[in-house]
Structure formats: structure tokens, C-alpha cells
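The sequence and structure follow.

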Amino acid sequence: MTAVAHPSSISRLPGFRTLIRNRLLAIALALVSLLSSAHADKVFFRDELTGAEMWRLTSFSSTHVYSNAYRPFSADGRLICATRSSVHWVDGRAYVLDLFDGHATLLGSEGEGASQPFFLLGRNRPGVIYFGRQDDVITVHLHWLDTGEDKKVAQLPPHVGILFNAGEGLMGPNSEYIPLCGDLNGDGLADFGLLPLWKKGPPIILLTSPTAAFAGKTVCPTPERNLVGLTKAICHPDILRRIAAGEKLDFRQCWADARLESYIVRVDFKTLKVELFPTKRVRFLTHDAFSGDGKLMSRGGVAWKTTPPGSGLPFTIGALNWRVHGGNHWGTCGLDGRYLVADTGYNGMEQLMTLDLWTGEASLPIHIGTPTRPASQISQDHGHPGGSPDGTKVIAHSCYDLVGHRLYGVPTEDVLPGAAVIPVVTTEGFAPSGRLLVRHGYNRNDLVVFYKRKDATHFLDCDWGEDTVARLKKAIGKDKIEKGSHLISDLDGRLFPDGRLRPKKEYIAVVRNPAPPQTPSIDFKGAAAHIRWRPPARRIETAGYAVYRQAGARVPERLNNTLTTTCEFVDKTVPEGEKVRYWVRAVERSGLYSDWSAPVGVTNKVPQTVVLDAYDMPGTTYLEPGDMPEGDQRKIVFGIPAAGRHTLWVRCQAPYGTETFGVTLDGRAVGELTVTDSEWHWARVGSWKLAAGGHELVLSRSVKYEISPANVIGNPGFEEGLDGWVVPEGITSLDSTFPHSGGKCLKMEGDLTGTELYQRVNLKAKSNRYYRLSFWVRAVFSKAGSSTRLYKKHPHTSGAFWVNAEPLRDPVGRIVYGDLFEATHWRQIVREVHAWPGMDVTKVKVRPFLSHPSWGEQKGTVWIDDVKFVELGPRKRPVKATKLLVTNVDGYVPEGKAGREAYTFPTMPVIPVAGLRQTGATRNTIALRWNATRPGTRGYNVYISEGDECPPTKYFRKTTVWGANFAVVEGLEYGKRHTIKVAALNEDGVEGAPAALRARTADMPPETHTAPAAKLPAKANAGI
């Protein structure tokens, strides 16, 4: 008999466990590798209206990431992190994606999951912190990306969470602490504290509150990483009294009846002491973002200073009316404090907006979703944008499959709220027939449209034709979509026609080109040309440089197939007897090329240098309301590659009339610059002979403001009775028992619901000026009813009143809560309003009190005295110049934001595709391969169409961005012949001549399984 080893004895054989573990590990690594490559779906697109470029980074479904400060980018800009969702968007796993090679690294395990990943900073190793959850216990994990080591480093106490929407999730210059909110020590009180990351120990409590909760927000991206936004939920006094009496209340009861106060918190990491700076009437830090330099925090359309001596007063940001164009979610773009990004959908279309804090200019570089609601009524999830550290890219999370394909065919300026907006879409992933949930304009009812696809790639004719709105209305009036009609997305843009969920996906939109290399120079040594340059000002994500040479009038050629990582290049094959010029371009990690550097050249071995370099002149263009400095200046250091005469230009504006700046060059006054244009433009500073090397330019201006400090309110202290005031009848009287000043004050007593106190004043409001409304209040409120704020009943809502000065705009804080006051103590209320650019205001309704009915029944007594309304200074700084251009080109006049658009740079030739061939096919895919093309190829557009009914559409299924010369076209019907074209994109994203072929999917019908009739139930057999 042959002996057979029992399984238990096999497991005890020497090395068996190690062997099995190694085999399983190898299999697991292989599966992870396959999974990563399958989901690193880096696909290139272009916005057809703006020309902005966009990559879809991965086919993972993902959750929101409120992308503030660094998040979700690593410090060098190469990596991003996000949370991959399951089908139901819960119990997902975090992942890290390499933008350079597309490799995806999954974090956590399937059982425990992973969420809210954050990159470590200051540890000189690529690491990620993420959070797991198992049986309602949150654990903190550290994953080292260089070794793959993953370990649990901490466990959070019950009822404790990390900062909600914490932009980075870690505090301290070396990522020492994780900020936490909740009951950290189990005493039932709300706490804000820190969890040590690199040493064992309990959470360190920094702030404790007997109120509802703390809600932490964004951690500041500066190296100290010691600032955080924090919102405190202050309970109604009745709730506090019930808690003090020992009553156990549900957390939701405390939170629902709380009012919110927000602060900037600064932590001293040597002593762990904290300082609180009130955010001046910003009650809740929703979707907030620190600027990259940490000096400002933004929320909606306003920002305020975060630096000492306090958080300052809010001021409006941007040249656009944020109520029309403003963002729903904000993020930082770049670490120089200049750019913010936002998603905006207030005009009925979802777009990505960038805001320049140095100039106030806003731009809408790309569309990120479909219009499914009318203006101001969009409810779907927006892009949650966050910018890369160098400011060239923005990541956006979208739940719209449309954003990964074609975008809009109708210019935004032609679209009005309520009008039918036609998205150009494809049918990738759509069944041959099915249903659509349609909504457009102000139609509040969903319309179910049944369709049968007649074209493999779209529902509409290739030629859009004219009168698209009429064609759309005709299409949705029928029960099916015919060829020649238009497809509209569903209510929330989230359903495929067959009812499947549209997954959220990650996209990067390129909002600016990388900065070009600066001050190139050349010298000739023997037979070789030595080209040197300075790196671009923004270079965190620079992967290397490409060097180009043009001999005579021939097409420029690239000299280095692989990028050089140093700032020099030697050309040992300089053509003899010809004029030769060289250019350098920076290439960042995801494959985007910068603009051309200025050229340098050689003619008969004589070096020639053209200077055309642009420099940012840092500094915000905004002032805090009421800030009126006596002088201002902008300073910039620039470089000159070779001695000679150079002309300096600055991009500037004079919004309030002619302004004159003093000009100082290298510490010596050289004249003045007079600016007259109110729009941003280029002004010539002067021309001087300058030596090679660094130079310093200073623009300065002394300031004298024309401001009327007089109070425009008549009878401000009610000493003349009620003259000039409109008061609520029956509840108003004059009180002389305890005025704030003088002998009288105004008293309103009884049912105040819906009442208001106001005065109309004659005021010629000045554009871009602030005005301050202030008054003194005593009050005591009682509640006899409940309000419906936040869409539900709140029986314990304290009294509240609104403050405004119409039609001037109040940035924030119209609502004043009644529990701030008492009957025996005067308290001053101060609010700033402002006149938007172009406002024609001659009369202002100054309203210090409105008891709005939406806050429920408001009963009590209010005393008001000493109302004041005065003019403040402008919101823009005196010196408005943000860009310097240096050139030695005679007669050159700069154009564009960088000033370099007027110069004729070379054009790279397009790249043809050769050798296109079919390498395989299944019933729904076609595999393609083609010959590799020259260095500088950004990717390949793959176009496809079925049959001969319509020419190939300009829709591409796949673009391999980092140079692979193959693709698999998926989602096709079996047994169908297709026309396929592949076109290459050069460094500038311009297509070359495509290669074409005809290919056919496998003629293999889907399997069908039919049970034999004998095995069917008798009743069913009878029917057959």
C-alpha cells in the first residue's frame, strides 16, 4: 500500500509554509500588477471650445476628494491619491497613481478597506497615511511606496474622527501629527486635538468645548503646517442647560440646533499651545482652501487673511460676480499663493474655473459635466478640484462619463439658463437599445425616452446642421430618439441607458502650460556649441528638458531622444556655414511640454542670443477692507544672459484713472511709468544697457486716497425721533432709559417676525470700493415657534436678524444670532459691503435690522443706537503690476498674458502614423498596433466608425499618452466591420495624418442556454 500524507502533516513539512506563502505572494503581486495596468487608464482629451487639455487618469470609480492645498498631489507633483469606491460607493480602497508611468498602487485590504489617503511631507520618503475601518473602529495606517511596507500605526478612540475634509490630513513640518475632532478622552465633551504619528501615545487635546462639536477643515500647505480651519458648533442655551442638568441628548439634537462659528487655529509645535483667530463672520468653513503660501483662505467668493495679527476682514475675490460664475468647491493650485480653482455650475453648465489672486482675473478653461439643471439649481456633484504644486494641472473628480469623451458643441456664451444645451456625446458603454432619463431647461419632470441605436458610435448625424434647439425639442417630444436627433444626459448625469451607474472618475485638466526655461545662453568651444539655461520658475513637476535645433530654413529637429535633467546641452554636430538656432522646452511628469524658450544661435561660430523672458511679480492685488497704506511697491529680480540693450515691459492696469509708478533699477531711480488703461495691458517701462547677470526692478507708488469719512446716515442716534427712518408700525418706540450715547435709542418690542428697520440714503457708490455699516444693539429674544432653516423644523432656534445695504453686496455674515446679546449690555455690529465693478448706484437702502420669516417666529425686544454708514478705501492695491517681460528684440511689443505671443516661435511638424495593423479581435474588441513614432509624441487618437452610413467621427476611444504604440478598442458589436483611424499628437497636441484600416469584430454570437423540454415543469410544458 502506498502511504499518503495527511494534509495536516504536509503543512508541517520543512519549508512548505514558506513555499506556499512565496507562491501566493507571487500570484498576488502578479494580480496587483495586472489590476494596476488595467486601471491605469490614462487617456487624453481636449476641450473643443477652449482648447484646454485633459487626461482621464484611471477607470477606477472614486469618491469625492475635497482637494485643498497639496491634496491629492505629492509634494513633487508626480503622484496623486484618491479613494476607489465599490459599486455602491462605499467600502472602497485608497490608491496612489503615478502620473509619469500610469502605475496604480492599491492601499489597504478588501476586508478593512482604506479611505482618506494623505501623502507624508518632510520625511524624505514617499509615504501615504490612510484610514481603515473594521467593526466601527478606525485604524491609522502608514504605507511606504518605495518598499510596499504597510503597517498600522494607531487606532482612534470611539466617536473620534479625523478633520472633516482636511485638505492634507497631517500637521507639523515633518508630518508629526494627525488632527482629530471628537470626544478624545471619553468625558462627553467635544475636543480638537492631535494624534502623534511617529511615537506611541494618546491623543493630545488642544481645545475642549461643552458644545455640540468641532468640525475641522483644511490644513495649511506652508512648511510649518501649523494652521487649520476649524468650525465650532455652539449649542442653543436650552440645550446647554439640559446637558448641565444631566440629560443625555443625541448628538444630532445638539448639532441641529447649533449655530456655527469658525476660526483659524495656529498651533505652536514646540509648546502645543493654540491661538484662535475668528474668521470675521464666516460661520462655516465649507469647501474652503488656503492659498498655497498660506496667507489667505478662500470660501465661495470671498477670502481673508490668515496671518497675524488676526484673520482680517473678508474681501471679495475675482473680477466676476461669484453668484453667477462662482465655484461650489474650491482648491489651491500651486504653492506660490497665486491661483485658486473652483467648479462652477451656476449658468447651467459645469465648468472648471481658475482665479488669479494677483490680478483678480477668472477664466473658465474647461467643461467638466453636462447641464442637467437650470441656473442656480444644479444639484449633482461637481469636480471637487485641487491643483498640482507647480500650478499647471488641476485634478477633478467627475461622475459623468461624458467628460471622458466629447464635451460641448454649443458655445457657452450662446447658452441661456433654461435653453436647451446640446452636449456632444458618444455611445461608448451604451447598449444598442435602451432608455434615457432626460431633463433639460426648466422642465422639472424626468422624461423617459426609449431609443434604438442606428449608428455604432453616436445617435446623431455626422453633420450637426442648424437649429439644434428646435431639433432637440422635437427629439424629446417623441418616445424614441431617431437618427439626426440629440442625446441629453439624465437628471444627475449618472445613468447609462441600460440603468447602470455612471462611475466617478478622475481627470486632470491642464489649466496652464509649464513655464519655459529662462535666460538661455550659448558659447562656442572648438567644434561644439554649449547651450545653458536656467530652470523655469515653476519646476516642481519638471521631468527634464528637450533641446531643438534649426539649421537655415529647415524644420526644427530634436537633438535628445531622452530628456536631459541638467540645464545644459552640448551639440557636437553643428552644421557648417549655416545660421543655426536652438530652443529648449521643459517637459513635466505627465508629458506636457512648455512653451519654447527664447532662441540662442550661432552664425559663423559667433554666438547670438535673443532675450524674451517673462517673470512673475509676486503679490496679491487685493487689500483688506479699510486698509489704506501710504505707499506700495512691487519688486522682482530678473536675469540677463548676455550684455546689451534690453527693454522692460510690465503687465499692469489703472482701474481708477491714471496712475504713476516710480521706477527703480538696481537701487537707482530711473524714471516713472504712467499707466492710463483700466484693463490689464503691457506698458513699456524703459530701455537700458544691462550687464549679464541678475538685476532688480522696483515699481513703487505713494498713495493718497480720496475718501469721504462722513456718516451718510441721517439721524443716526434717533435724537430727532424717527425722522428719516422707515420703522415697523405698532412695535416701535423711543427709549431714553439706557441709550448707547445721547439721550435716546430705538426700541422694538413684541412680535418682530418679518419686520425691518431701514433708511434710504443718497450715495454715488464708487466701483470696487467698500462701505462699512455699523450700529450698537441690545436684545433679548424669546421663542414661541419653530423655524424651518436647513429644510427642517428647529424648535430651539434662537432669534436672529439680517443686516444689509442694498443693492451693494455683502460678502458674508448677513445673519446675526440672537443668543449673542443680552438686555443690559450694548454690542456693536460691523459689516462691510461693496460696489461691484460697473455698478451704477445712486441710492442705497441701509438696513440694520430684518427679522426674516424663514427663521420662524421671532419675539423679543431689540434696542438699536448710533447707526453709521461710511466709505472705505478700494479693494485693490495701489501698484497693480504682476508680470515683467525682458527683451532685446528691437521694436517688439508683447501680447498675451506672458507677453510672448507676438514672437514667431517655430512650429513642430506633425507626426504621421505608419504600420497600422489589426493584431486581434473578439466579439466586442479590436486590438491594434502601429509603428513607434519619433520622441515628442504625446499620444495617439483612435477614431472609429461602423459601416458606410457615416464617415468616421471625431471621437477617439483611446489615446495612449506616454508613448505606447498599441490600443484595444472595446464595447463593439459582434460581427461588424469598422473603419478605424489612428493619428499621432506632437508636442503641441496637434494631430498628424492618420493611418486607417477596416477591421471586423469576431462573428461570434453570444451563448444561449436552453433547458431541455423534458426538464421543464409540467405547467410550462403545457404552455409550449
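An open sheet of three strands runs in the order 3-4-5 with antiparallel pairing. Strands are DSSP runs of E with at least two residues, numbered from the N terminus, and two of them pair if DSSP finds at least two bridges between them. Strand 3 (79-84) and strand 5 (104-106) are the edge strands; each has a single partner strand, so one side of each lacks a neighbour in the sheet. On average, neighbouring strands of this sheet are turned by 25 degrees against each other, direction ignored; the axes are lines fitted to C-alpha atoms. Strand 4 (residues 93-98) pairs with strand 5 in the antiparallel sense over three bridges. Tyr 95 is placed opposite Leu 106 of strand 5.

The model is predicted: local features need pLDDT of at least 70, side-chain atom pairs count only at pLDDT 80 or more, and totals for chains, interfaces and linings use all residues. Residues are numbered from 1 along each chain as its sequence is written, and side-chain values use heavy atoms, with hydrogens and water left out.

Most residues other than glycine have a negative phi, and most peptide bonds are trans.

Asn 715 lies in the loop between strand 46 (693-702) and strand 47 (732-735), and Phe 718 lies in the loop between strand 46 and strand 47.

The peptide bond from Glu 806 to Pro 807 is cis, with omega near 5 degrees. Pro 807 belongs to the loop between strand 51 (800-806) and strand 52 (815-817).

Key. Helices (H or I, at least four residues) and strands (E, at least two) are DSSP runs, numbered from the N terminus. Axes are lines fitted to C-alpha atoms, for helices over the stretch in contact, and angles run from 0 to 180 degrees between N-to-C directions.
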